[in-house]
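Keep the sequence beside the view as you read.

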Amino acid sequence: MLVHARSDNQVPYSNALRLKASLDKALIPNKLITTTGFADSHMLGGEVYSDNTPILFNNQNWVAEAKKWMETYLS
């Protein structure tokens, strides 16, 4: 399972696409989940509202999608 933000400015999204293509070619079950986060918040959809506070995740649709995939393939 790959979870990657399209707007990641440190690891190109194309890396996730290439890995997924390789896994598909090898017939290895996999899932690419693209999150909607941005570099100025948090790549996985969280937001920091002030310094030294925890990241708050408002949009966790990807978490439910990941949970469903893991329950299918890892149980």
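Leucine 27 is exposed, with a relative accessible area of 76%. That value puts leucine 27 in the exposed class because the cut-off is over 50%. Leucine 27 sits in the loop between α1 and β2. Its backbone deserves a look too. Phi of leucine 27 is near 60°, a positive value in a residue other than glycine. Most residues other than glycine have a negative phi. The model is predicted, so these values describe a prediction.

Now step back to the whole chain. The protein has 75 residues, and buried residues make up 23% of them. Its secondary structure comes to 2 helices and 4 strands. From the N terminus on, the order is β-α-β-β-β-α. The accessible surface comes to about 5,500 Å². Carbon and sulfur atoms hold 56% of that surface. Contacts can also be sorted by sequence separation. Of the contacts with a separation of 6 or more, 47% are between residues 24 or more positions apart.

Strand β1 covers residues 2–5 and runs parallel to β2. The two strands are joined by 4 bridges. Leucine 2 stands opposite leucine 32 in β2. Between these strands, the chain passes through α1. This β-α-β crossover from β1 to β2 is right-handed.

Which helix holds leucine 19? Leucine 19 lies in helix α1. In sequence, leucine 19 and leucine 2 are 17 residues apart. In space, their C-alpha atoms are 8.8 Å apart. Leucine 19 is partly exposed, with a relative accessible area of 41%.

Lysine 20 forms a salt bridge with aspartate 24. The closest N and O atoms of this pair are 3.3 Å apart. Lysine 20 counts as partly exposed at 23% relative accessibility. Side chains of opposite charge can pair when their charged atoms come close. One of the salt bridges links glutamate 65 with lysine 31. Here the closest N and O atoms are 3.0 Å apart. Glutamate 65 lies in helix α2, and lysine 31 lies in the loop between α1 and β2, so the pair ties together parts that are 34 residues apart in sequence. Glutamate 65 is partly exposed, with a relative accessible area of 36%. Lysine 31 is partly exposed too, at 25%.

Stay with helix α2. Lysine 67 forms a salt bridge with glutamate 71. Their closest N and O atoms are 2.7 Å apart. The two residues are 4 residues apart in helix α2, so about one helical turn separates them. Lysine 67 counts as partly exposed at 49% relative accessibility. Glutamate 71 also counts as partly exposed, at 45%.

Is alanine 66 buried or exposed? Alanine 66 is buried, with a relative accessible area of 4%. The class follows because buried means under 20% relative accessible area. Alanine 66 lies in helix α2. Leaving aside residues up to four places away in sequence, alanine 66 touches Met1 and Ile33. Alanine 66 and leucine 32 are 34 residues apart in sequence, and their C-alpha atoms are 9.2 Å apart in space.

Methionine 70 is found in helix α2, which spans residues 61–73. Methionine 70 is partly exposed, with a relative accessible area of 35%.

Key: Residues are numbered from 1 along each chain as its sequence is written. This is a predicted model: local features need pLDDT of at least 70, side-chain atom pairs count only at pLDDT 80 or more; totals for chains, interfaces and linings use all residues. Side-chain values use heavy atoms; hydrogens and water are left out. Buried means under 20% relative accessible area, exposed over 50%, partly exposed in between (1.4 Å probe, protein chains only). A salt bridge is a side-chain nitrogen of Lys or Arg within 4 Å of a carboxyl oxygen of Asp or Glu. Two strands pair if DSSP finds at least two bridges between them. A crossover is right-handed if, with the strands pointing away from the viewer, the path from the first strand over the helix to the second runs clockwise. Contact means heavy atoms within 4.5 Å. Accessible areas come from the Shrake-Rupley method with a 1.4 Å probe; for residues, only the protein chains shown count as cover.
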